[in-house]
Amino acid sequence: MRNLIADGVAAGWSYLDASTLTADKEFEADVVIVGSGAGGAMAAEQLSLAGFKVILLEMGALYEGKNFQQQERWAYPALYQDGAGRKTLDQSIGILQGRTVGGSTTVNWTTSIRTPDKTLDYWRAEFGSDLTADNLAPYFQQAEQRLNIHPWPVPPNANNDKLRQGCDALGWQYTVINRNVSGCANLGYCGMGCPINAKQSMLVSSIPSAMQAGAMLISRVSARELKWQNGQVRSLLAVPVDPYFQPDFKIKLSFKAKHYIVAAGAIGSPALLLRSKVPNPSNRLGKHTYLHPSVISGALFEDTIAGHSGAPQSIYSDQFVWPSNGQLGFKLEVPPLHPVLIATKLTGLAQSHAALMQQFNQLQVVIALLRDGFHPDSQGGTVLLSDHGEPVVDYPISEYLWQGVQKAYLAMAELQFAAGAKSVLPIHQDALLYSSWGQAREAIKALSLQKYRATLASAHVMGGCNMSADPAKGVVNLQGRHHQLDNLSVFDGSILPSSLGANPQLTIYGLTLRNAEALVQSLNQRIKTQPD
């Protein structure tokens, strides 16, 4: 299996590991892009193919195909923010985010879902959006064709199949998931990097394409501050990172460009703009950060589940995403089951925890992704800066969200018993293994709804630089252009005005293709009108 970028670099592509620099250095390009995930890499490809000189910056390291070891002990420290240990400020919600070339697309679970119609309805009503399913369709189709996104044709693994069986038994809705894979071997290790280049992440698609077209990739670099004046960004200051991905301020890197794109994710992007003290008249910069907080329920079955094997996600249920009574909706999916990931989420101590882990291959897990951001009592969190300028996310959990947590526990337990579970364990510090739906229902209703008792996690961070037609209600406009700084765009999940009620990667691809198309037209027009 080829390492596409390494082979390309050997053939002359432009790549730099910033941690190898020993002196200050200046760079110049038409467009500088901060972040190589779904938004940054897709934009780099479009702009490079349009003839612009692009520099693509990534804080993480470059690993690809042959480097991926399918071992958690290597993957989490190497490929994830904070070694997969990132949490909210009060430590109540764990956050999984990629930190490697390709960003979270390198380590996600390949689920690809178009933006739900009701989410687009909400954005039009609240933020003056012009986005509809029809006018986004060409961009989704382009992304789906580019990344080979199709319904998964292989029978689901047992972990996903129990979700399907439970839905079937209860008459609940479920859908076969569209995945961005080509030649997938159904290994189940997508979260540790694909060793055979089957996952059509940015690492094997848009980044090599952009570099082939002339883009320069720089890894292990931390963007620190945008220097701006009179409504224009003048330069970007950055520094290399050390072997532990901490900024090394001994060396200064300066980037000058006609246009700057920030695509460092919904925590990194607002953090860079906050450090840069960019204009913020809406007072929304770094605010309204959404997480799809996820509630977890385990179940033990007589038959073997082996949830580490097979496509991690191939079935989801939207039975409860859009309740008509104003209550918080949630989406039902399953996670991959790998020992370290699950051991850190399971409740219980010592012998009780060990006893659960001894039944690991009989364990099935469902997660419920809470659809935050659509209700006055669910307005998300805030990205703050530490004394060292590093981002932290403060995410208070309202009573409205806690009611959603309880309903999610109930729905997951009912589903798992309907699928044949012999016992169900809501992942909550006070919960036990329950042997019947009736017993679980009464116990769940009595569980305390407070942080540190319920285990909550997130793999979808959104918002913080939200788009809006009205500058008073957003950081960027509907094309991702900053409302106050003319040559600055934000192209990532931070521009979403709410969570989605769906996994975000395809939404980010679609919006980036749309916004990159408008940016190419704008930059071409600017060049044509400049004096010779």
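Axes are lines fitted to C-alpha atoms, for helices over the stretch in contact, and the angles between their N-to-C directions run from 0 to 180 degrees. The structure examined here is a predicted model, in which local features need pLDDT of at least 70 and side-chain atom pairs count only at pLDDT 80 or more, while totals for chains, interfaces and linings use all residues. Residues are numbered from 1 along each chain as its sequence is written, and side-chain values use heavy atoms, with hydrogens and water left out.

Helix α6 and helix α11 (residues 399-418) pack at an angle of about 90 degrees, and their axes are 7 Å apart. Helix α6 is therefore roughly perpendicular to α11, a label that covers angles of 65 to 115 degrees, whereas angles under 35 degrees count as roughly parallel, over 145 as roughly antiparallel and the rest as oblique. Helices (H or I, at least four residues) and strands (E, at least two) are DSSP runs, numbered from the N terminus. On the α6 side, Lys162, Leu163, Gly166, Cys167, Ala169 and Leu170 meet Glu414, Leu415 and Ala418 of α11; contact means heavy atoms within 4.5 Å. By class, six nonpolar, one polar and two charged residues make up this contact, where Ala, Val, Leu, Ile, Met, Phe, Trp, Tyr, Cys and Pro count as nonpolar, Asp, Glu, Lys and Arg as charged, and the others, Gly among them, as polar.

Salt bridges with shared partners join Asp161, Arg164 and Asp168 into one network.

The count of salt bridges comes to 19. One of them joins glutamate 45 to arginine 146, with the closest N and O atoms 2.8 Å apart. This pair links distant parts of the chain, as glutamate 45 lies in helix α2 (residues 38-49) and arginine 146 in helix α5 (residues 133-146), 101 residues apart. Glutamate 45 is buried, at 2% relative accessible area, whereas arginine 146 is partly exposed, at 31%. Aspartate 248 forms a salt bridge with lysine 250, at 3.0 Å between the closest N and O atoms; lysine 250 is exposed, at 69% relative accessibility.

In soluble globular proteins, nonpolar side chains tend to be buried together. A nonpolar core is a set of buried Ala, Val, Leu, Ile, Met, Phe, Trp, Tyr and Cys residues joined through side-chain atoms within 4.5 Å. The largest such core has 105 residues, of which Leu47, Ile218 and Phe255 touch the most other members. Helix α13 (residues 505-529) gives the most to this core, with nine residues. Apart from this core lies another, of 62 residues, including Ile95, Leu291, Ile305 and Ala411.

Phenylalanine 320 lies in the loop between β14 (315-316) and β15 (330-333), and at 25% relative accessibility it counts as partly exposed. Leaving aside neighbours within four places in sequence, phenylalanine 320 is in contact with Trp172, Gly329, Phe330, Leu332 and Ala411.

Key
Buried means under 20% relative accessible area, exposed over 50%, partly exposed in between (1.4 Å probe, protein chains only). A salt bridge is a side-chain nitrogen of Lys or Arg within 4 Å of a carboxyl oxygen of Asp or Glu.
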